[in-house]
Amino acid sequence: MNFFINSNMQKNKSGIEHAELKRAALFRDHHESFKIVLRDWSQTLHKDIKDSGLSDAEVINMFDYFQGTEKVTEKNIQAKDIDFGVAVDLYENDPKNNRVLAWQVIKKINGESQRRLLGRINYFSFAKDRISSTEMFDAFGNLYAVNYYDIRGFLSLTQWYTPDNKIGTESWQTLDRRSVLESFNKFDAKGEFKKSGWRLVDKNGSIYTFQTIEELTKHFLDSINFDYSSQERGNVFILDRTHLGDWALRDLKKPAYTVIHLHNSQAGNAEDEMHSILNNHYEYSLWNTNDYDAIISATSKQTADVAKRFKPQARLFTIPVGVIPSKHFQEQRIPMSDRFSHKIVALARIAPEKRLNDLVKAVGIAKKEIPDISLDLYGYRDSSDNFKAYQDIKKAVEDYRLADAVKVHGYTTNVSVIEKKAQIFAVTSIMEGFNLSMMEALSEGNVGLTYDVNYGPNELVVDGENGYIVPNGDYHALAEKIIFLFKHPDELQKKSERAYELSKRYSETKVWQDWRELLDDAQDKWPEKISHYKSPLLFGLAENGGKL
C-alpha cells in the first residue's frame with residue numbers, strides 16, 4: 001500500500017492537499033493502490049473528503065481507525081434522540097444561534113413551575129438539520145460535558161469539564177459508546193494547564209498509554225504498516241507533512257519504504273540554499289535523512305541543491321506535484337481576444353510571504369499606461385500580525401488609487417474558470433516549492449510572470465517563452481513586463497500558445513513515469529535493502545552548509 005501522510009483534508013486546502021489530490025487521481029487512473037493517512041480528528045472529515053473527490057476507502061484517519069468508524073452508514077439524529085439522562089419536558093428553538101434548548105420543568109409544592117436547562121443542541125452552520133454538538137449542564141447550571149457528533153450522525157467525542165470550566169478529559173468512542181481513546185489535561189509543574197497523556201484500548205482489549213500524540217501516531221503508523229504489509233510487497237510511506245511522522249517512520253517495527261516529500265524549500269532562506277539555516281518544517285528529517293529511503297523534490301533544481309548540500313544516502317527523485325489530465329490537452333485553446341482584456345489573476349494565501357502587495361504596486365504603475373487593467377486576487381486571508389498581508393494590499397490599493405481595478409476575493413475552487421478568462425497569471429512569493437496554481441494557469445494559456453525565486457515558478461516559467469522571470473522583489477520590472485505584454489497583443493498571444501505547449505511537461509504520462517521509477521525502487525529494495533543500518537548525515541547541517 002502507498003500511504004500519503006497529512007493532517008486533514010479540510011475545505012480550504014493548501015498546496016499540499018491539492019498536490020495529494022492530484023497524486024491520488026494519478027494513482028487511481030493507473031490502478032495503483034493508495035490511502036491518504038490523516039492524523040487529526042474532524043467532525044466533517046467524511047463530508048470534506050467526499051467533496052474533494054475521494055472515497056472513504058481511499059482515506060484512513062487515525063481516530064476513525066481506533067474508533068472503528070472508517071465506514072459508517074449515515075443517519076440523521078434529531079433533537080429528541082439526544083439522551084440527557086432525564087426526560088426533556090420542553091424543546092425551545094433558538095434559530096438565531098442555530099440551536100435548540102432542552103429544558104426540564106420542575107413543579108414546586110405551591111404549584112409554581114421552574115425550568116432547568118439540561119442542554120443546548122447545536123447544529124452545523126452549513127447543515128441546519130444535522131446536530132454538531134450538545135452542551136450538557138448539571139443541576140446547578142454548570143457545564144460538565146460537550147458531546148461532538150460526526151457529520152455522519154453519531155457521537156464521536158466527549159469533552160469532560162473540570163469544576164473550574166476547563167477540559168479535563170477527552171474521550172473518543174465507538175458506535176456503541178465504548179471509550180477507546182482518551183486524552184488527559186492537567187496543570188504541570190509550571191502551573192500550565194496542558195495535555196499530559198493518552199490512553200488507548202485497542203480492538204483486542206489491550207491497553208496502551210502514550211505521553212504525546214507523536215507516540216500515539218507512531219503506534220498508529222506501526223499498526224497500519226502491519227495491517228497492509230505482505231511478504232510480496234512492502235508499504236510505501238510518503239511524508240507530505242513531515243512533522244506528523246518524521247520521528248515515527250525512522251523506527252517502525254516492520255520494514256517499510258519511507259519517503260520525505262519536500263513541498264517547499266529545504267532552506268530557511270530559499271535564495272541561500274547552500275548556507276542558510278534549514279526550514280524548520282524539514283529540519284528534523286534532513287538531520288536524519290539517511291534513515292529514510294528516498295527524498296522527493298518537485299523540481300530538478302531543488303533535487304540538485306539537496307544532493308550538493310547534504311550528499312544523502314537516500315535516493316533522490318524529481319517528481320512534479322502537479323499533474324495535468326490527458327483530456328485537458330484535447331480541449332480547445334482560448335485565444336487572448338476571447339478573454340477579459342488586460343486581466344491579471346493571482347491565486348495564493350493572502351499572507352506576508354506571498355508579497356501580493358508588490359503585485360498590486362506593479363498594477364498601479366502599469367495602470368498609467370493601461371487604464372483598463374484589472375487584478376483579481378483569490379485566497380484565504382492569513383490572520384497573522386492582525387491580517388498584515390491584507391492590510392498591506394489595502395494600503396497599496398489606496399496609495400495607487402486602484403479601488404476600481406483590484407478585487408480581493410476569498411478562497412475559490414473555481415480555478416479553471418477563472419484562469420480561462422485571464423490573460424496573465426503572476427507569482428510574487430518569497431519562495432515556492434512548486435506552485436500548482438501557476439502550473440494550472442499556464443496550462444490554461446495564461447502568460448506567466450514571476451519573481452526569480454526558488455523553486456517552482458522559475459522552472460514553470462521559461463523566461464521569454466511562456467512568460468517572464470524578473471529580479472526578485474523588483475515590482476517595477478514586473479510592471480514593465482505587464483505594460484509590454486498588454487501593449488503588444490501579438491507577443492501576448494504567442495506566449496499564450498507556448499504556455500499551452502510547455503504544459504505537456506506535466507502530463508499524466510510524464511509524471512506517472514516519474515512516480516513509477518520511485519515505486520519500482522521501493523519494490524526492488526523489498527525487503528532486504530530496507531531498514532538496514534545507514535551512517536549519520538555528515539554534510540550540510542552547519543549554518544555555512546559545510547560539515548559540522
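How many strands form the open sheet, and in what order? Ten strands make it up, running β4-β5-β6-β7-β8-β9-β10-β11-β12-β13 with antiparallel pairing. Strands here are DSSP runs of E with at least two residues, and helices are runs of H or I with at least four, numbered from the N terminus; two strands pair if DSSP finds at least two bridges between them. At the edges sit β4 (90-94) and β13 (207-210), each pairing on one side only. From one strand to the next, the twist averages 20 degrees.

Before going on, note that this is a predicted model, in which local features need pLDDT of at least 70 and side-chain atom pairs count only at pLDDT 80 or more, while totals for chains, interfaces and linings use all residues. Residues are numbered from 1 along each chain as its sequence is written, and side-chain values use heavy atoms, leaving out hydrogens and water.

Inside the sheet, five bridges join β6 (residues 113-123) to the antiparallel β7 (residues 131-137). Look for glycine 119, which stands opposite methionine 136 in β7.

Now turn to helices α12 (residues 475-487) and α13 (residues 489-502), which pack at about 100 degrees with their axes 5 Å apart. Axes are lines fitted to C-alpha atoms, for helices over the stretch in contact, and angles run from 0 to 180 degrees between N-to-C directions. The two helices, α12 and α13, are therefore roughly perpendicular (65 to 115 degrees). Phe484, Leu485, Phe486 and Lys487 of α12 meet Pro489, Glu491, Leu492 and Lys495 of α13, contact meaning heavy atoms within 4.5 Å.

Terms used:
Angles under 35 degrees count as roughly parallel, over 145 as roughly antiparallel, 65 to 115 as roughly perpendicular and the rest as oblique.
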